[in-house]
Structure formats: structure tokens, C-alpha cells
Amino acid sequence: MVLATAVEADDAVLSCMFASRYMQTPLPKFQLPERSIPKDAAYQIINDELMLDGNPRLNLASFVTTWMEPECDKLMMSAINKNYVDMDEYPVTTDLQNRCVNMIARLFHAEVEDGDQAVGVATVGSSEAIMLAGLAFKRKWQNKMKANGKPYDKPNLVTGSNVQVCWEKFARYFEVELKEVKLTEDYYVMNPKKAVEMVDENTICVCAILGSTYNGEFEDVKTLNDLLLQKNEKTGWDTPIHVDAASGGFVAPFIYPDLEWDFRLPLVRSINVSGHKYGLVYAGVGWVVWRSKKDLPEELIFHINYLGADQPTFTLNFSKGASQIIGQYYQLIRLGFEGYKLIMENCRANARYLTEILEKTGRFKILSKDVGVPVVAFSLKDKSLGHDEYEISDHLRKFGWVVPAYTMAPDAQNVLLLRVVVREDFSRTLAERLAQNIEQVLQELEAVHAQINTVVKEILITENENDEVGAKENSKKIHDKRRRGRHARHPDSVDKTKGIC
């Protein structure tokens, strides 16, 4: 009996993962390992290393959805092995995508008759959606210029300098000149008047952003449309508008229904929106919809007949998972207009609550707007302090928060700010906790820099009692070194090739 117990104990030890030899074996990083390892060992080793990642729900840098209902999680996991592109094998999934396109296009007031299929497609985020919209504009412009016997080799696109990096990718990859309206230190989005002034005969479209990445502000699409209509009438051109509603497309219809930014404006021909942002789906789904069939050149569309009927397809990507499309359809029918409206109202209320707390400290200038995406963008009022926004961002990480610090887009790079994205799962309680932690960080930084300044002064007095000029120079050197140390991990200007999402 004792022997049997001992054997059982030995077996238990041998089967214990943390008693196995795999716990002392370094992970392969460059070459495929020669030998296999048990599945539970592979799981445990990878799972342990992933613990060092941040908590997605405390990542306030990202607009991307980090929570969905368990029922939707179950649906998405059940479809994780479905390749969406296999339309003949998964016709129901294709139908769900078409239903989503119909709902989103009508939400944006597209020109679609009752019972007709809207023109649009699911994409891998708004980046692919923007590529497709840009290609449609370029091809339509080329066809028009060819028909008129004019050169068609120098297309351009007008945007604000605050556009997301995917617009720069489109311009570079598809050889389109990018004309950027620069920001100013008192105007952080594209100025519609300046944008229209940049338009010429070679402009394929003007891009307006509904929800700037930098401060959540909506650009004035209505004014842009009106000014561009006047220019088109005067010149005989037909320069259209694309609205990049990646962040704001699932916000504005529900809490700003009277705001005219979508297909209610005649020059808006296409709109992209991110399902994985305020569409409330996990990362990996975006949408692009067109005003009508005539706005998407037929030569860009491929046709398949796997389903026994004509199925148009227009994507850059081929294979992709079906889970996110199913998740989007779940959210649309589960929440409906009422549910989305309530969630967006909650996000707006919590953003305003956090804004009020930060304003009451007297330390911050609020750079986000009342009308816009539920984002709180703010910067320090006193620029003479020993600390800056980068240090606040760094110190908040010890509480688990990821709050990015960055500079505005050109030509407002001198503006340094912090940004909190208020998502569905950012509750009032979390807003209160974040505000408390920001106050703690400020007090700690002020105390630390007060001590540093005291020590610096004592050293300078001792070393330079009779050399006032030398004292000032040494003081400047010390402060410059401190600043360089703070900014070593934070560039002074935004490198949009890295993106801010």
C-alpha cells in the first residue's frame, strides 16, 4: 500500500509541468526546434510569457474593442476555422456580410432602394477599406481624364496632416501625390477652406476624418462639401469626398443624428468605418460602403458564381477568418439602434466626467471637443515644470494604465498631449480610479523634481560660488541632460509610419 502511494506520488511529480525539464529550456527564437514538446508544456510556456503583456482593457491608447459578450465569444470561436473567402462552402456567412453592408450603408443614408443590396464589403480593418476606396476614386478619375484626352499620370489626394498612416500608405503604394493641409496650434483638424484651395483638376478626392486619431474631433464635412460644390460648379470639375469614419462612424449616427457628414451630402461618395472600434467587435474587421453602384468602377469588381448567382467581390485580401463578420452581425442585431445609442451615450458621459475631473485639477488644458469621438485629450498648462506628458505616461504604467503621450501632427508638433480613449468597457469606476492615479503621479513627480532641484542648486552653489555665469551654464546642462533622458524613448515629432491607433 505504501509502495503504491509512493509510485502515485512519483507519477504526480513527473506530470507536474513546473517539475519538468521544459521549464529550464530556453525558448527557440530564431530557428525551428529539432524536437517536439508536449502540448501542455507548449501552452504553459507561452501562456507564462504572455502574462508580461499589458491588460487590454487598461490599454487606453487603443480604439480597438477589448470586450464582447460571452455569447458572441462562443459564436466567434465556433467559426474560427472558417475561411470567409470560401463562399461556396459558407454561403450563410457571405449572406451575413451582405446584411451587415446593408445595415451600415442605410445607417449612413446611402442611395439604396428598399429591398436592394447596398454596395460595400467587409475588410481587414479600415486600412484595407481605405485602400479600396482610394483605388475606386483613382480609377474613376483616370477614366474621366482618358475620356477627355487629358494626362492621367499625376493624380493627387487632399487630406489633413492628421490623417492615419494608412492614407500615406495608399498614396505611396498606389502612386498618388498626397497634399496635406497642415494643422495649426489653435486648429487641430483639416481646415476645409484650405483643403478646397489645394484641389485641382488632378485631385481624385478630398478625405475628411470623422474622429481625428489625435483628439477625437470631427472634421467639418458639411462646410467642406459646400465649399467644394462651389468650386466644382465654377471649374466644371466633379471632385468628390471620402469620409474616413473609422472611429466616428459608429458614434455620430447614434448620439449626433442631426450632424450632416455622410451620404446626405451630395459629394460624399464613399465611407469607411472600423467594426473593431466603436462597431464593438474584436480586432480584424472594417467596412467600406459606396453611395451607389456608379461610384464603384465595374472593372475593379471580380465576379464569382459559386452560389448559383452572380456574387461581386472587391478586396485586396484573399483568405481571412469569418469570425469577425459573424461578431459584427451579432452586435448589430443584439444591440440594434437602441443598444448602440445607450452604449455611445455612456461612453460620452464617462469621457465628459473624466474631462471635468482633469479640468478641476487646474493643471491640464483639454484638447478634445464636446462633439466628437469619446476621447479625452489633454496637455499640461504649465510647461515650466520639471516633468512633462511623457513622464506622466511612463508613471501611469505602474498602475497598469497605458495612456499614450505624443505630439500633434504637422505643423502643430509643439503641442504635446496625452489621450484617453473611452471605450464601452471603461466604466465610471475606472474613470475615477484613473483620475486618482493621475493625481498621485503628479504629486510624486512634483515631489521628486522639487528634491532634484534642491540638490542641483546646492551643488551649483558649492561649485560656482564666485562664478554666476558658470552656475547658469551648468544648470542648463543638467536640465538638458534630464530632458534628453526623458525623451530618449519618445520622439519629439510623430513618426506616422508607426501609426497611432
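## Legends to the close-up views

**Figure 1. The buried residues of helix α6.** Val165, Cys166, Trp167, Phe170 and Ala171 are the buried residues of helix α6. Here, buried denotes a relative accessible area under 20%, exposed one over 50%, and partly exposed anything in between, computed with a 1.4 Å probe on protein chains only. The model is predicted, so that local features require a pLDDT of at least 70 and side-chain atom pairs count only at pLDDT 80 or more, whereas totals for chains, interfaces and linings use all residues. Residues are numbered from 1 along each chain as its sequence is written, and side-chain values use heavy atoms, with hydrogens and water left out. Helices (H or I, at least four residues) and strands (E, at least two residues) are DSSP runs numbered from the N terminus. The cover over the buried residues of α6 includes α5, β2, β3, β4 and β5. Helix α6 comprises residues 165-173 and lies across β2 (156-160), β3, β4 (203-209) and β5 (241-244). Its direction is at about 150° to β3. Axes are lines fitted to C-alpha atoms, for helices over the stretch in contact, and angles run from 0 to 180 degrees between N-to-C directions.

**Figure 2. The crossing of helices α5 and α6.** The axes of α5 (residues 125-147) and α6 come within 9 Å and cross at roughly 45°. The two helices are therefore oblique to each other; angles under 35 degrees count as roughly parallel, over 145 as roughly antiparallel, 65 to 115 as roughly perpendicular, and the rest as oblique. The crossing of α5 past α6 is right-handed. A crossing is right-handed if the near helix is turned clockwise from the far one by less than a right angle, and left-handed if anticlockwise. From α5, the contact involves Ser127, Ile130, Met131, Gly134 and Leu135; from α6, it involves Cys166, Trp167, Lys169, Phe170 and Tyr173. Contact means heavy atoms within 4.5 Å. By class, these residues are 7 nonpolar, 2 polar and 1 charged. The nonpolar class holds Ala, Val, Leu, Ile, Met, Phe, Trp, Tyr, Cys and Pro, the charged class Asp, Glu, Lys and Arg, and the polar class the others, Gly among them.

**Figure 3. The open sheet of 7 strands.** The strand order is β1-β7-β6-β5-β4-β2-β3, and the pairing is mixed. At the edges stand β1 (120-123) and β3 (177-181), each of which pairs on one side only. From one strand to the next, the twist averages 20°. Two strands pair if DSSP finds at least two bridges between them. Strand β6 (residues 268-274) and strand β7 (residues 286-290) are joined by 5 bridges in the antiparallel sense. Ser274 is placed opposite Gly286 of β7.

Figure 4. Glu175 has a positive phi near 55° although it is not a glycine. This residue lies in the loop between α6 and β3, just after α6. With a relative accessibility of 65%, Glu175 counts as exposed. Leu280, likewise a residue other than glycine, has a positive phi near 70° and belongs to the loop between β6 and β7. Leu280 counts as buried, at 2% relative accessibility. A cis peptide bond, with omega about 0°, links Pro410 to Asp411. Asp411 is situated in the loop between β12 (405-407) and β13 (416-421).

**Figure 5. The surroundings of Thr239.** Thr239 occupies the loop between α8 (221-235) and β5. Its relative accessible area is 3%, and Thr239 is therefore buried. Apart from neighbours within four places in sequence, Thr239 contacts Val199, Asp200, Thr203, Cys205, Val206, Leu228, Asn232 and Leu267.

**Figure 6. The crossing of helices α4 and α10.** Helix α4 (residues 91-107) and helix α10 (residues 323-360) have axes that come within 9 Å and cross at roughly 45°. This pair is therefore oblique, and α4 passes α10 in a left-handed crossing. On the α4 side, the contact is formed by Thr93, Leu96, Gln97, Arg99, Cys100, Met103 and Leu107. The α10 side contributes Ile325, Ile326, Gln328, Tyr329, Leu332, Ile333 and Phe337. The contact contains 10 nonpolar, 3 polar and 1 charged residues.

**Figure 7. The chain as a whole.** The protein chain has 13 helices and 13 strands. Of its 501 residues, 49% count as buried. Among contacts between residues at least 6 apart in sequence, 71% join residues at least 24 apart.
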